[in-house]
Amino acid sequence: MLILTDKEIMFEVRDGNINKLSLLFERYNVKLYNYFMKLCRNRQASEDMVQEVFLKLIKYRRSYRGDGIFTTWLFQIAHNIFYDYIRKDNKNLSIEDDNIDIPDTDNLHETVAEKEEKKMIEKALYKLKGSDREVLVLSRYMNMKYKEISVMMDMPEGTVKFRVHQALKKLKEVYQKISDEV
Amino acid sequence: MDCDELEKYIPDYLAGGKDTPLGKNLEAHLNQCPNCRKEVEEMNHIWAEMGKVPEEKPGVELEQKFNVMLKAEDAKVNPDKHKESVYQKITGLFSRIWPQRPLIQFSMVAAIFAIGIFIGSSTRMSQEAHFEEVARIEDKVQKLNQLVMLTLLQQDSPSDRLKGLNLAYSIDAPNEKVIDALINTLNEDPSVNLRLAAVDVLNEFSGHKSIKSKLLSSLLKQSSPIIQVGLIELVVAMGDKNAASVFNEMLKSRTLDKTVKKRLLIGLNRLQASPA
């Protein structure tokens, strides 16, 4: 089976072969879902926003020229959709609720302590302000290089690295505070 | 490098830059500066802990809604593709009565043929000729199923490929092309779910003469732990003693997932214990 690159698929979609978008959906729907979930912790909103990303890919397909890395463009769209969502409902990005639902994993090989540690790091992540959380989500979970994040967020690469470092420092402080409370 | 400069390079270091000249430079500073070393160790720990947070899966409705949206958008972009001729309207009406799924369609065609043949044979043919005729029809249905399955596995849409895999369950005696197509799906499909489904289907054909060697070759190519575990279990269930050498080869890998390692060791014990 011939495996098309992201750009090749997007060129097909641009040229009217809309059904090819299902290949990009298969590749990226889970990643996008996790991006939105880690930013807003709302399953329904995250699913709606994933849908919105693919709708926008169809809407903007004619302007696609294949410049740069496809995922940078994809997450730029996702980033804009997310901030529209925040602005529309005036939402606060910090998730302060101590009882936010973080599901248990079904990994039988983990000890209770390991599971608790995972939950604490997630709780700490959700206590960060939105812009800090986003750079960490993009670099750590979406595996984007700092150069890609800089293009996506339209800021110098050095600024991205500085923000990642600052966000990690804050995450460490919050995590320490949560660990001490346990 | 001094302590102020170090801050700029920590993100690169954490994101995989340990073996670069920059990483080595940074480590040289850390060896001399306990404060910086402590900070980097703490950052490293947080970075590692973040990596352990599992990926979450969206609900099945997301894909369903996506498919509905895609169809609607395709109809807007390609209206001619969706315009119905009179002929299509009539056949569309028929298709609402006739089942859509190929497996059920073929089953109904085969059943109608079989009924027709039975009625004919009960008045004209000898019993032996009747059974021969039924066997010929069953053989044709099987060949058609194999052809449809191979076609579906080549489609771009993951749900079509899944239909192809499900159709494989209706095949009693797969030919080499079918086995190779299933192995290809196991090795190459971009969807982990479909690759897992291919493992389940191959389990049904575990008696096929060439399957054991093909599964072992596939196991060596896999990098996804979930697929590796599925294949290990299948190979052990088949009692293939040749698997032991492959398992031992895999155990030498330093990057092997610990769950996979555990299953390999359990698998080796079971293979040794099973009769030759």
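Start with the whole structure in view: a search of it finds 3 cavities of 30 Å³ or more. This is a predicted model, in which local features need pLDDT of at least 70 and side-chain atom pairs count only at pLDDT 80 or more, while totals for chains, interfaces and linings use all residues. Residues are numbered from 1 along each chain as its sequence is written, chains are lettered from A in the order in which they are written, and side-chain values use heavy atoms, without hydrogens and water.

**Stop 1: a cavity**

Select Ser22(A), Phe25(A), Glu26(A), Glu63(B), Phe66(B), Asn67(B), Ser157(B), Pro158(B) and Ser159(B), which line the second largest cavity. Its volume is about 50 Å³. On a 1 Å grid over the protein atoms alone, a cavity is a set of points where a 1.4 Å probe fits but cannot get out, and lining residues have an atom within 4 Å of a point. By class, this lining has 3 nonpolar, 4 polar and 2 charged residues.

**Stop 2**

Next, look for the second largest pocket, with a volume of about 360 Å³. Of its 14 lining residues, Asn19(A), Ser22(A), Asn67(B), Leu70(B) and Ser157(B) are the closest to the centre. A pocket, unlike a cavity, is an open set of points, with protein on both sides within 12 Å along at least five of seven lines. Colour helix α4 (residues 60-77) of chain B: with 5 residues, this helix gives the most to the pocket lining. Helices here are DSSP runs (H or I, at least four residues), numbered from the N terminus.

**Stop 3: salt bridges**

Now show the side chains of Arg27(A) and Asp6(A), which meet in a salt bridge at 2.7 Å, N to O. The pair links distant parts of the chain, helix α2 and helix α1 (residues 6-14) of chain A, 21 residues apart. A salt bridge is a side-chain nitrogen of Lys or Arg within 4 Å of a carboxyl oxygen of Asp or Glu. Arg27(A), at 28%, is partly exposed.

Move along to helix α3 (residues 43-59) of chain A, where Glu52(A) and Lys56(A) sit 4 residues apart, about one turn of the helix. Their closest N and O atoms are 3.1 Å apart.

Finish with Arg41(A), Arg43(A) and Glu56(B), linked in a network of salt bridges.

Notes
Grid points are joined across faces, edges and corners, and a volume is the space filled by probe spheres set on the points. Helices (H or I, at least four residues) and strands (E, at least two) are DSSP runs, numbered from the N terminus. Ala, Val, Leu, Ile, Met, Phe, Trp, Tyr, Cys and Pro count as nonpolar, Asp, Glu, Lys and Arg as charged, and the others, Gly among them, as polar. Buried means under 20% relative accessible area, exposed over 50%, partly exposed in between (1.4 Å probe, protein chains only).
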